[in-house]
Amino acid sequence: MRRNLIIGDIHSQYDKLITVLDKAGFNPDEDTLYSVGDFCDRGNDAVKTLRFLMNLENFKAVIGNHDILLQKWLFTYVADWFWEDGLGGDKTIEDIETNFCLDRDERLQIANWLKNLPYVRVEEKYIIAHGGIPHGCSMADLIRYQNQTRPGAYNQFTNDAPACTRDYFFSAYDNYPMRDEELFTRTDPFETDKTIFIGHTPTVDGKPFFSKEYHLVALDTGAGSGGPLTLTDMDTLEYWQA
């Protein structure tokens with residue numbers, strides 16, 4: 001039976017990725033694998049993770065904020081300091097430059113693959129975004145985000161709200177303990193009959209977060225910081241972890 005499965009933030013956890021796909025009985029010839037982005041950083045296996053995902057025929061992803069920063073570095077060799085020093089980009093750089101010594105052709109192949117990933121995917125039954133639905137966003141806005149392209153030497157934080165926002169998640173998870181009230185803008189539930197899948201903000205208990213009111217499934221369960229990696233059936237909401 002063909003299934004639509006979606007993986008949370010991987011953060012270079014290649015072994016966890018393979019393990020959780022095996023647990024779910026993932027069949028790459030029949031199942032479609034979606035992703036909320038953030039393939040790289042924090043873990044040690046960025047290259048193996050990227051190579052695996054790029055070679056999947058039935059793979060549909062959105063770009064995460066970590067992936068945007070990697071895209072920029074691959075095109076320019078300029079690493080934003082907060083990515084390299086604070087977000088785990090140093091591990092990705094080490095894996096690409098030292099562990100695998102990727103040549104220019106493969107670096108550009110990865111960069112262009114990332115460049116072509118959308119901010120949002122709006123499908124018949126699903127909406128997928130890395131961070132969430134930006135405050136005040138309409139369905140027409142989401143379609144524009146889906147069709148928007150990024151230049152190669154892309155500077156983050158210019159127009160990438162779906163990859164970076166946390167407001168939608170914080171609004172749904174009203175008692176989230178690490179919410180900064182001064183930076184938080186309450187966002188109403190998005191009017192849709194589609195299920196919204198996001199990552200970006202780790203859940204507090206290592207399990208996916210579900211909100212019926214917000215039509216939301218949040219899948220960052222902390223794989224990049226020692227927590228499990230979560231894979232979910234997008235229709236039944238059954239999930240597996242590694």
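Which residues have the most contacts inside the largest nonpolar core? They are Leu33 and Phe39, in a core of 61 residues. A nonpolar core here is a set of buried Ala, Val, Leu, Ile, Met, Phe, Trp, Tyr and Cys residues joined through side-chain atoms within 4.5 Å. Buried means under 20% relative accessible area, exposed over 50%, and partly exposed in between, with a 1.4 Å probe and protein chains only.

The model is predicted: local features need pLDDT of at least 70, side-chain atom pairs count only at pLDDT 80 or more, and totals for chains, interfaces and linings use all residues. Residues are numbered from 1 along each chain as its sequence is written, and side-chain values use heavy atoms, with hydrogens and water left out.

Helices (H or I, at least four residues) and strands (E, at least two) are DSSP runs, numbered from the N terminus. Contact means heavy atoms within 4.5 Å. Another core, of 10 residues, lies apart from the largest one and includes Ile6, Val62, Phe197 and Met234.

S9 runs antiparallel to strand S1 (residues 4–7), joined by three bridges; two strands pair if DSSP finds at least two bridges between them. Ile7 has Leu231 as its bridge partner in S9. Three bridges also join S9 to strand S10 (residues 239–241), again antiparallel, and there Leu231 stands opposite Trp240. Five residues separate S9 from S10 in a hairpin, and Leu237 in the turn has a positive phi of about 65°.

Helix H1 (residues 14–23) packs against helix H2 (residues 46–54) at an angle of about 40°, with their axes 8 Å apart. Axes are lines fitted to C-alpha atoms, for helices over the stretch in contact, and angles run from 0 to 180 degrees between N-to-C directions. H1 is therefore oblique to H2, since angles under 35 degrees count as roughly parallel, over 145 as roughly antiparallel, 65 to 115 as roughly perpendicular and the rest as oblique. Tyr14, Leu17, Ile18 and Leu21 of H1 meet Lys48, Thr49, Phe52 and Leu53 of H2.
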